[in-house]
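Trainee: I have a new model open and would like to talk through how its parts pack. Could you take a look with me?

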Amino acid sequence: MYELDSIVLATGFDAMTGALAAIDIRGRNGITLRDRWNAGPRSYLGIAVAGFPNLFTITGPSSPSVLSNMAVSIEQHVDFVTDAVAHLRNEGYAAINPTVEAEDEWLAHVEEVGNFTLYPIADSWYVGANVPGKPRVFMAYIGGVGSYRERCDQIAANGYEGFQLIPA
């Protein structure tokens, strides 16, 4: 018997990727998102994943998401996706898919700015440390919501730079 004031039950959760990995999402050539993320989540802007045309991950891994006001970040992502879909429709495209190169460059930037903090070395859910066997990757963009929004706006203004636009 122990005398105590409260009990906290931490059941754990698989932040940023768990819900998406639990769904059998398949991209080009039948690869699953779970397999694509086997070594850690990869995305372009936290919004899209190379090899998965027209799949949008609102506040996904590598976006400011959990380090921001989520409602504001969700709204910004939805606006970006809505504008992208309108662009596809207006210009006669059927699909949008980030390039592997754009994804690689974005992930390098996310890692670079993340390494200015202690987040990547802490044993926390931000790096998946609470999920046995999960690859250790800092999953949020810490470069700031303002600069992130500017980057997304610039990408859209440049005809969705970093994305392959696939004709109808």
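Trainee: How are helix 3 and helix 5 oriented, roughly parallel or roughly antiparallel?

Mentor: Keep in mind that this is a predicted model. The axes of helix 3 (residues 70-91) and helix 5 (residues 145-157) come within 11 Å and cross at roughly 5 degrees. Angles under 35 degrees count as roughly parallel, so the arrangement of helix 3 relative to helix 5 is roughly parallel.

Trainee: Nice. Which class of residue gives seven members to the contact of helix 3 with helix 5?

Mentor: From helix 3, Val72, Ser73, Gln76, His77 and Phe80 take part, and they meet Val145, Tyr148, Arg149, Cys152, Ile155 and Ala156 in helix 5. Sorted by class, three are polar and one is charged, while the seven are nonpolar.

Trainee: Which residues have the most contacts inside the largest nonpolar core?

Mentor: That core has 20 residues. Helix 3, helix 4 (100-114), helix 5 and strand 2 (163-167) each give two or more residues to it. Phe163, for instance, touches Leu45, Phe80 and Ile155, among others. The residues with the most contacts inside the core are Leu45, Phe80 and Phe163.

Trainee: Now the backbone: is Thr59, with its positive phi, buried or exposed?

Mentor: Thr59 lies in the loop between helix 2 (33-36) and helix 3, and its phi is near 50 degrees although it is not a glycine. Its relative accessibility is 13%, and the cut-off is under 20%, so Thr59 counts as buried.

Conventions. Residues numbered from 1 in each chain as written. Predicted model: local features only at pLDDT ≥ 70, side-chain atom pairs only at ≥ 80, totals over all residues. Heavy atoms only, no water. Axes fitted to C-alpha atoms, helices over the stretch in contact; angles between N-to-C directions. Helix = DSSP H or I, 4+ residues; strand = E, 2+ residues; numbered from the N terminus. Parallel < 35°, antiparallel > 145°, perpendicular 65-115°, else oblique. Contact = heavy atoms within 4.5 Å. Nonpolar A, V, L, I, M, F, W, Y, C, P; charged D, E, K, R; others polar. Core = buried A, V, L, I, M, F, W, Y, C linked by side-chain atoms within 4.5 Å. Buried < 20%, exposed > 50% of the residue type's maximum accessible area, 1.4 Å probe, protein only. Lists of a residue's contacts leave out its neighbours within four places in sequence.
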